[in-house]
Each structure stands twice: as C-alpha cells, then as structure tokens.
Amino acid sequence: MNRPTFSPISSFGPVRLPETASQTGGPYVHIGLAPEQAGFDIFENNFGNVLVGTETRGERIAIEGRVFDGSGTLVRDVLVEIWQANADGRYAHPGDDRDVPTDPSFRGWGRAGADFETGVFRFDTIKPGRVPGANGASQAPHVCLVLFARGINIGLHTRLYFDDEADANRSDPVLTGIEWEVRRRTLVAERSVRNGAVVYSLDIRLQDTPDGGRETVFFDI
Amino acid sequence: MSDPRATASGRDYGDFTQRDTALHPAAYTPGYKTSVLRSPRNALISTLNTLSERTGPVFRADELGPLDNDLILNFAKEGLPIGERVVVHGFVRDEFGRPVRNALVEVWQANAGGRYRHRNDKYIAPIDPNFGGCGRMLTDENGYYVYRTIKPGPYPWRNRINDWRPSHIHYSLSGDGWAQRLITQMYFEGDPLIAQCPIIKTMPSEEQVRGLIALQDPGNNIALDSRCYRFDITLRGRRMTYFEPAKQGDK
C-alpha cells in the first residue's frame, strides 16, 4: 500500500491548511477571463465558448442559457464555464484512465460571458456520453457548470441534463439524490432545432422569481 | 495492494476533501448589496465526488504567450505604463501542503489610478494607454507562479455611496480538478481600506482575511526597479483512498 506522503513543510505529520477564501469575481471579470468581451485585444490565444473543431467526434449541439436574479432581472455580467466528457463519456484528464476512447480534439472545457444586451450565454459543443457515478452507478449525460459574477461571493456549481434523456435522467444518482422532485427539473435543458442545428436551452434562476420561476439547484461538490 | 484510483502515472486522483464552508463568505451578505438578489435561498445540495468533479481541464504552456505574465509589457504600445512596478509571486498548494502543478492562474486588475479597461467602467480616472490589466500563467513543478505588474489603485463603487475598494488584484485558479475551481482577490499589506471594505467583510474570520493579504517581500525586491509581494494560495486537497466507502446496504 502506498504510504501517505507528508508535507515537506512539516516533519511531524500531515498539515491541513485552510482553503483560500473565495471572493466575488466582480463586474469586470471579463477583463481577466474574456478580455475581448471587456473591449480589448491582448492575448494571441483566447479561451472561449467553442469546444468543437472539425475533428471532434459526436453530435454537435449548442447550449444556450440565461441567468436571472431574484427580481426576475437578467444577470448580464455573469461568466459561465462548463466541463464535460467527450462523446464516449471520457474526460480529457489523467484522472480518467478507463478503457474508453479519448478524443484529442476535445478538451471538454469552455467559458462564456453572457451578452451584455440579451443576457444569453452560449457554447458550441457536443453531447457528452455517459460517465460512471459514485458506488458503481451510471450517470445520465450531463454538463457541469459554474457561475461567477458580481454579487456572487462563491462560484455557484450546477449541472445541465438533457430532456431527451428521460430514461437516463430517471436513474441518475445526482438528480435522484435531490430529495425534492419538483426541483430536479430546474436542471433539465430543453431541446429544440433551430435552422437545422440542435440547441439545448436552460434558464438559471439564482432565487425564486416573481414570474413563478423556481430557483435552480446548486451543488456543494 | 495499490490504490484503486491511482492511475498508470502513479498519481492519486481520488476524491477531494469536503469544502469547509465556514472558511468562505456566505452567499447572502447584505452589507454587499448586490448579493441580496443574487444569492440562492435554498441550501446547496452536497453530492459525492464522481469523475465529473475529480477531473478538470488541462492547460498547456504553448497555449500562453511569452508576455502573458508581464502586465507591465503585455499591453505597452508607445511606452511603459505609469505606476508602481511590483512583482507578485508565491506557491499554489493544496490543503495538505502538496504543490498544485500546472494550475492556470489568471489575474486582472485596475490601473494605477483605479480605472479598469472595461467598457462598463465609467470612473473619471483615466485609462492608461500602455496598460491592459490582465495576465495569466501556469504553476511549475513546485506550484510556483510569478508575474509583474503595476500596483492597482483603489476605486469608488456604488454600494453605499462612498464605498471604496482597497487596492486588489483578482485571481482565478483552475487546479487539477473541477472541485478546486476558485476565484478570489488579493489585497496588499498595510492598506487601511481593507478594514472598511464590505466585500472583505463578507469573509467569516480575520484569519481568512489575512489569507488574502499579500505580504511585502523586501528580500526579493529588485534594486532600483521593482518591489515584491508574496501571495500563497491553498486549494482543496485530495483525500487518500485506503478503503472505498461501502455501497449502501453492504456491511
């Protein structure tokens, strides 16, 4: 069995340092994470919202969403990142070394700022395959999302599931782990076809809104 | 017996420790007014780590440019930006003191006068034509990072009408797993505005506030050129996996 490796900064036993505290990303989060959207050109290579190239395997989809605050107002300065498996359900990370095909032209990660006018964020990606869950369960296809913005003190984690995967969703251990069945549907994106392209739409509500919209489920992961 | 989660590379990619929410601001902090309508009212739902949370994006050095960690030069057009020249460096470690290697560290900030290069910032202090205000780097094998910049100025913001942010640099960290994702802010030792700031007051303890204050590092000042600040960051650590949890119903 591997012996625990003790920290080099103490010879007396393992240390436990406190995690650095989170702070809000603030209203100008784009300067650092999406400078073109802030209004200037600085890096040669920008990280963005297009996860697919011509070689990428899998069904092309777009993910579109909006974020609303507790008054029902659009959150137009939100920054969203996604993390997902490839079409075969494998993550592009050494911690996923299962015997499942990798896809060298799919990183599985992207970031997008909401549009300052419409409040819509968008990703061009592929539909992910299924990934194992805890204790041998199988998870339904899903995309992990994290939200940062002015007024949000610590990044909000949520997931996007697909409404045309109803069977898989019914047995997904994370979805069914939400005790309140009525809240599960806040995570399920709606499929539509627009100009021949598949779009999944999901509205995220930071709090219950006056129009009756239910607060999205957020996770402590 | 080898760790069932150790991979061919011999590294452990097991579960992350639970986030200690007492170390972080709550979502609802009315002194920071924008949080009132942007904070969930329901409790977060805690989930077991799966591959989705234990893995995360991997970045390569060749995706970054040679000046990406030099905010003094990476937007300089016709001259140098105006302001205090500073080097900021430190280590990114996990809770158990292990270096976090190849973490993407991204920073952004205002210029020396407290003005951001952002289409939505209308503060009267001028833009510096030679200063952009963002940079990025990957940590090395020891979890070390370094960049240089102009020390940002404080700036006013509409919270209470006369609130001013202390000088600060925003940080984004993408570590080795999705569960480590963190955005925070770094402050400068000795700044009197730290004690008055409603955003800093969202933090639960003095100790955690101290963890966000970069310390002067005079031994690493560059003579007749730049001052130096030291700022270390701690991300969540991976739990060692000696025994798998029993499936529910198993003995």
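A:Asp203 is partly exposed, with a relative accessible area of 29%, where buried means under 20% relative accessible area, exposed over 50% and partly exposed in between, computed with a 1.4 Å probe and the protein chains only. This is a predicted model, in which local features need pLDDT of at least 70 and side-chain atom pairs count only at pLDDT 80 or more, whereas totals for chains, interfaces and linings use all residues. Residues are numbered from 1 along each chain as its sequence is written, chains are lettered from A and ligands numbered from 1 in the order in which they are written, and side-chain values use heavy atoms, with hydrogens and water left out.

Side chains of opposite charge can pair when their charged atoms come close. A:Asp203 forms a salt bridge with A:Arg66, the closest N and O atoms being 2.9 Å apart; the term stands for a side-chain nitrogen of Lys or Arg within 4 Å of a carboxyl oxygen of Asp or Glu. A:Asp203 lies in strand E10 (residues 197-205) of chain A and A:Arg66 in strand E1 (residues 60-68) of chain A, so the pair ties together parts that are 137 residues apart in sequence. Helices (H or I, at least four residues) and strands (E, at least two) are DSSP runs, numbered from the N terminus. A:Arg66 is itself partly exposed, at a relative accessible area of 33%.

A salt bridge also joins the side chains of A:Asp124 and A:Arg122, at 2.9 Å from N to O. Both residues are partly exposed, with relative accessible areas of 23% for A:Asp124 and 34% for A:Arg122. Elsewhere in chain A, a network of salt bridges links A:Glu59, A:Lys127, A:Asp164, A:Glu165 and A:Arg191, and the structure holds 34 salt bridges over all chains.

## A salt bridge in chain B

In chain B, the side chains of B:Glu84 and B:Arg227 meet in a salt bridge of 3.6 Å, N to O. The pair links distant parts of the chain, 143 residues apart, with B:Glu84 in the loop between H1 and E2 of chain B and B:Arg227 in strand E11 (residues 227-230). B:Glu84 is partly exposed at a relative accessible area of 39%, and B:Arg227 is partly exposed at 30%.

## Aromatic pairs and charges over rings

A pair of aromatic rings is described by the distance of the centres and the angle of the planes. Rings of Phe, Tyr and Trp (its six-membered ring) pair if their centres lie within 6.5 Å, and planes under 30 degrees apart count as stacked, over 60 as edge-to-face and the rest as tilted. By this rule there are 17 aromatic pairs over all chains. The rings of A:Trp109 and B:Phe59 have centres 5.0 Å apart and planes at 90°, so this pair is edge-to-face. It crosses between chains, from A:Trp109 in strand E3 (residues 109-113) of chain A to B:Phe59 in the loop between helix H1 (51-54) and strand E2 (85-94) of chain B. A:Trp109 is buried at 5% relative accessibility, and B:Phe59 is buried at 3%.

Within chain B, B:Tyr145 and B:Tyr147 form a stacked pair, 6.2 Å centre to centre with 20° between the planes. B:Tyr145 is buried at 1% relative accessibility, as is B:Tyr147 with a relative accessible area of 1%. These two tyrosines form one aromatic cluster together with B:Tyr171 and B:Phe231.

A charge sits over a ring if NZ of Lys or CZ of Arg is within 6 Å of the ring centre and within 35 degrees of the ring normal. A:Arg205 lies over the face of A:Phe68, at 4.8 Å from the ring centre, and B:Lys151 lies over the face of B:Phe188, at 5.0 Å from the ring centre.

## Chain B as a whole

Chain B has 2 helices and 12 strands, and its C-alpha trace spans about 65 × 40 × 35 Å along its principal axes. Of its 251 residues, 56% count as buried. B:Gly190, by contrast, is exposed, with a relative accessible area of 69%, and is placed in the loop between strand E9 (182-188) and helix H2 (206-210) of chain B. B:Gly190 and B:Leu215 are 25 residues apart in sequence and 8.8 Å apart in space, C-alpha to C-alpha.
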